[in-house]
Amino acid sequence: MRETNDKLMPKTFYLQGLDCAFCARKIEYGLRALPGVSFARVDFAGQKLTLGVADEASWPELLFRVKELIAAAEPDVKVSDYKNKSGAQKSGDETGRARAALLAAGAAMFAGALALDLSYPANLAVFLASYLLVGGDVLLRAARNLARGEVLDENFLMSAATIGAFVIGEYPEGVAVMLFYQVGEFCQRKAVERARGSIAALMDIRPDFANLKTPGGVKRVTPEEVKPGDLIVIRPGEKAPLDGVVVEGFSAFDASALTGESLPRDVGPGSAVLSGAINLNGLLTVEVAREFGESTVKKILDLVESASEKKAPAENFITKFSRHYTPCVVFAAALLAFVPPLVWPGAVFAEWAERALVFLVISCPCALVISVPLSFFGGIGGASRQGILIKGGNYLDALSRVDTVVFDKTGTLTKGVFNVISVTPSGDLAKDGLLFYAAGAESHSTHPIALSIRKACKNAPEAENVTEAREIAGQGVSVRVAGLSVLAGNDKLMKSAGVTYKEAESPGTVVYVAVDGKFAGHIEIADELKPDSAQAVAGLKSLGVRRAVMLTGDSRAAAGHVADALGLDQVYAQLLPHEKIAIIEKLEGEKTNGGVLIFVGDGINDAPALVRADAGVAMGGLGSDAAIEAADIVIMTDEPSKILTAINIARKTKKIVWQNIVLALGVKAVVLAMGALGLANMWAAVFSDVGVSLLAIFNALRALRV
């Protein structure tokens, strides 16, 4: 399920004006065939092209060929990089207005021809003029495609059908069908734009400017111009342009666009501020922590933008299906036109040829190839608004089929905020002495347990008195404190060092300490469950998830206490990192057919497990580079219950996808049969193409609503 990295040197462009999913697929296949292109992906929903280039030196020549191929396939599409995107959008809007003006003029002329009831040849001239105004661009595209040997597209099908109507003298029908088709296409383009706009609005968190403090005063600059260490001013109502720390002022920040949390967060001097959050009421001076390219908002935007490139199985199925479906239908139409007149007495070729043309118009799979990627893109956008970042449609699909959820304990189901609850020395050592040596052993660690021990120790050793620190994976640390060798860790560390110790029975975490090879005592540390952990586990069972499992390196007593409190199905304790992987592989083999195993961890210590699972979910990812990089899904609010929201969004999205597939194929099957029997005319054929596409697109928009 997890995708491998593509070759080096990827190039990214925006394809402004790309409103034809069939054309997007055609561009993708054409680019893949170009020499020097290692891979090509056209993201229809995001209007983005990603290319892998085998040789950087050949890029200038290859770029010319890429643009040439795109212009040949879709002349109205403008290829641009990010900086030119707005200019290309303006050009696309002008093209759309010109097309609408021609359509309106052609429709007015068509209405006039019907009202005047002219005689031949005047009626032919007026109908032909209106036909060219309405469908001239369709005819031109069909002619260009024919010159390149490309026949199987809707431009050719509509041109053949309407020209055929003129040939047999049905001028009004020829113009009317082309007009209906073009109006439907116009509505379809607007629906696609609306869908894209709705999704973009959900992630409208990109800051436009920063107020940079300079010796000459405050200067408005782009976020890219600000460097770490610079001071910026954030006024009420403005978005934080970069990550930083408040140095002056008090305010409340609305981070709902980042985390989905509705309640604002109060900040003051020393508080962290994340880019993309909105300053509600106070004037703040903030010291910038990192440049815009590394900021939280930029990482989130990049993640969401690239999410639709990773296709779900349903998307891949539709792509492959449409490649085989259209040629098969065209072959069936040819049989429909030629076989009955040759086989059945009295069968007229003109009648069966008209049926074949209707059959061809019906065959276009646009409803499928547009609505399916838009549905997944909408689901990803809706999830991001809830503070759930999903890196691709494939992971959204995986969430809809969850069979087993495997949790890490510390920082995932528990708060990860530890406090020392008891200190039990052994022998002649006093409590303060035990804490002194334990704090020295943990002086180089940033783990929450180490921080709690150092916090509890009032007379921690100076840094120069702590030497030879060495971490022992999955066990603890070895260090020299004030010249004495000290071991601090779990019972495995004591056993491996041959230290005779007294095992503590505690529901919390126990740190054993040995000084100069002798057992010095133990320290008990407690962690709190997150308020919604029990709700998350109970909710998973109500959603039909078969197993909820916990893996931890903590003691069996501490793990068992948490498992009993939450109602987990299985718990594995005292695990080393590689042992967690072994357990995950074991659980993978016990899944139901088609089921998915997801691992939920903190995204930093659990990176191997996140990668090994079918889908990795990082908790507490807000501002954590490691979490965003390692996981496939990031829960920005640090709430386990958001997994329930993610699964519900995934299931709703998948239901919409299959509704669209059944709608499109069902309607087409019925109308194709009617066309073959002579019961469907061109109007029904155009509805089965454009009308069903519109219905499917509007249905796909429901994925946005969470």
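Mentor: In helix α13, the buried residues are Gly433, Leu434, Leu435, Tyr437, Ala438, Ala439, Gly440 and Ala441. Buried means under 20% relative accessible area, with over 50% called exposed and anything in between partly exposed (1.4 Å probe, protein chains only). The helix runs over residues 431–441, and eight of its eleven residues are buried, so α13 is largely enclosed by the rest of the structure. Keep in mind that this is a predicted model: local features need pLDDT of at least 70, side-chain atom pairs count only at pLDDT 80 or more, and totals for chains, interfaces and linings use all residues. Numbering starts from 1 along each chain as its sequence is written, and side-chain values use heavy atoms, leaving out hydrogens and water.

Of the 706 residues in the protein chain, 52% are buried. The chain has 22 helices and 26 strands; these are DSSP runs numbered from the N terminus (helices H or I, at least four residues; strands E, at least two). Mean pLDDT, the predictor's confidence in each residue from 0 to 100, is 80 for the chain, and 83% of the residues reach 70 or more. Residues 1–7 have pLDDT below 50, yet this stretch has 21 contacts beyond near neighbours in sequence, a contact being heavy atoms within 4.5 Å.

For a helix pair, look at α16 (residues 533–542) and α21 (residues 642–676), whose axes come within 8 Å and cross at roughly 30°. Axes are lines fitted to C-alpha atoms, for helices over the stretch in contact, and angles run from 0 to 180 degrees between N-to-C directions. That crossing makes α16 roughly parallel to α21, because angles under 35 degrees count as roughly parallel (over 145 is roughly antiparallel, 65 to 115 roughly perpendicular, the rest oblique). From α16, Gln535, Ala536, Gly539 and Leu540 meet Ile643, Leu644 and Ile647 of α21.

Finally, there is a sheet to find. Four strands make an open, antiparallel sheet in the order β2-β3-β1-β4; strands pair if DSSP finds at least two bridges between them. Strands β2 (37–43) and β4 (78–80) are at the edges with a single partner strand each, so one side of each has no neighbour in the sheet. From one strand to the next, the twist averages 25°. Helix α2 (residues 59–73) packs on this sheet, touching β1, β2, β3 (48–53) and β4.
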